[in-house]
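Hi everyone, thanks for coming. Let me put the structure up so that we can walk through it together.

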Amino acid sequence: MAGNDHRHVITVSGSAALAKMAAERILARIAANHDRLAICLTGGSSPKQLYQLLATEPYRSRIPWPRVHWFIGDERFVGPDDPRNNMTMARRAFLDACAPAANIHPIPTEGVNPDEAARRYELILQSFYGADRLDPGKPLFDVVLMGVGPDGHTASLFPLYPAIAETGRWVVGVAEAHVEPFVPRVTLTLPALASCREMLFEVAGSEKRAILTRVLAGENLPANQARSAGETFWLVDEAALPENFRGQ
Ligand code: 6PG
């Protein structure tokens with residue numbers, strides 16, 4: 001299905017097919033880069049099936065684990081033992097079983113406040129990237145995974161919050177979340193997330209239909225403002241698709 005001017009919308013049937021399609025897209029990006037790779041993961045429930053799939057064959061053997069680095073696009077400000085921690089969810093689903101520990105880059109949430117954690121993560125990203133300014137010709141990430149919340153947020157960029165307008169910083173603290181869990185967050189900003197070869201949204205389940213209707217209508221929501229400097233794909237499960245988009 002054709003998307004609007006900045007994204008490709010791909011429809012699949014069911015969450016298993018969605019995870020498979022996302023895994024194939026990630027594998028294609030990995031195959032296209034013979035150097036060190038960076039993948040920015042997302043939290044929430046949508047990517048869990050994909051993460052579990054990456055730890056199973058045939059995907060696991062197709063990933064050159066030693067040269068793939070894993071970052072996280074946003075973090076709930078809870079400790080690493082808390083299952084609500086986004087990177088902890090990803091670690092349990094696949095990273096701990098597959099990736100070298102040195103290639104897993106969590107946002108620190110202990111012994112710092114969200115602003116300090118954001119500053120530290122920004123330095124981690126800049127040191128990995130080798131510069132403190134983003135070069136449009138050199139994407140920070142190969143793939144950025146994203147989800148969309150019921151209010152149109154993505155990562156921890158909530159509608160009308162100042163973080164959405166940030167143009168200089170790569171990572172910022174967010175004092176209060178707009179949705180559950182109501183804990184402070186740390187989030188990458190739009191320019192940092194945009195610095196990628198491919199941004200990949202996963203949207204599944206009928207409970208996403210209302211927000212997807214607003215997104216596809218082009219409403220000014222964080223999920224619509226988030227786009228890759230390269231390509232942006234929205235992988236959508238049919239159950240989440242608004243009536244008027246079905247069969248297109
Ligand atoms: C988080 C996220 C957030 C998430 C959306 C969708 O920390 O909650 O990174 O942006 O992707 O809220 O969440 P679900 O996949 O659970 O619907």
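Let me start with a question: in which loop is Ala-155 found? Ala-155 sits in the loop between β5 and β6; helices (H or I, at least four residues) and strands (E, at least two) are DSSP runs here, numbered from the N terminus.

Before going on, a word on the source. This is a predicted model, in which local features need pLDDT of at least 70 and side-chain atom pairs count only at pLDDT 80 or more, while totals for chains, interfaces and linings use all residues. Residues are numbered from 1 along each chain as its sequence is written, and side-chain values use heavy atoms, with hydrogens and water left out.

Ala-155 has a phi near 45 degrees, which is positive in a residue other than glycine. Its relative accessibility is 10%, so Ala-155 counts as buried; buried means under 20% relative accessible area, exposed over 50%, and partly exposed in between, with a 1.4 Å probe and protein chains only. Leu-160 lies in the loop between β5 and β6 as well, and has a positive phi of about 70 degrees although it is not a glycine. Leu-160, however, is exposed, with a relative accessible area of 87%. As background, most residues other than glycine have a negative phi, and most peptide bonds are trans.

On peptide bonds, then: the one from Glu-57 to Pro-58 is cis, with omega near 5 degrees. You will find Pro-58 in the loop between α2 (48-54) and α3 (59-62). Glu-180 and Pro-181 are also joined by a cis bond, with omega about -10 degrees, and Pro-181 belongs to the loop between β6 and β7.

Take a look at β5 (residues 141-146). Six of its six residues are buried, so β5 is largely enclosed by the rest of the structure. Two bridges pair β5 with β2 in the parallel sense, and Ile-39 stands opposite Val-143 of β5. With β8 (residues 196-203), β5 pairs in the parallel sense over five bridges. There, Leu-145 stands opposite Leu-200, and Phe-141 has Cys-196 as its bridge partner.

Asn-33 is buried at 12% relative accessible area. Leaving aside neighbours within four places in sequence, Asn-33 is in contact (heavy atoms within 4.5 Å) with Arg-67, Asp-142 and Arg-197.

The other open sheet I want to show has three strands in the order β4-β7-β6, with antiparallel pairing. Its edges are β4 (74-76) and β6 (171-174), each with a single partner strand, so one side of each is left without a neighbour in the sheet. The twist from one strand to the next averages 15 degrees. Three bridges join β4 to β7 (residues 185-188), and Asp-74 has Thr-187 as its bridge partner in β7.

Finally, the ligand. It is surrounded by 16 residues, the closest being Ser-46, Asp-74, Arg-76, Ala-155 and Lys-208; a residue counts as near if one of its heavy atoms lies within 4 Å. A side-chain N or O atom of Arg-76 is 2.7 Å from an oxygen atom of the ligand. For Asn-86, a polar side-chain atom lies 2.8 Å from a ligand oxygen, and for Arg-185 the distance from a side-chain N or O atom to a ligand oxygen is 3.4 Å.

Definitions and conventions: Pairing = 2+ DSSP bridges. Axes fitted to C-alpha atoms, helices over the stretch in contact; angles between N-to-C directions. Polar contact = N/O pair within 3.5 Å; in protein donor to acceptor, adjacent residues only side chain to side chain.
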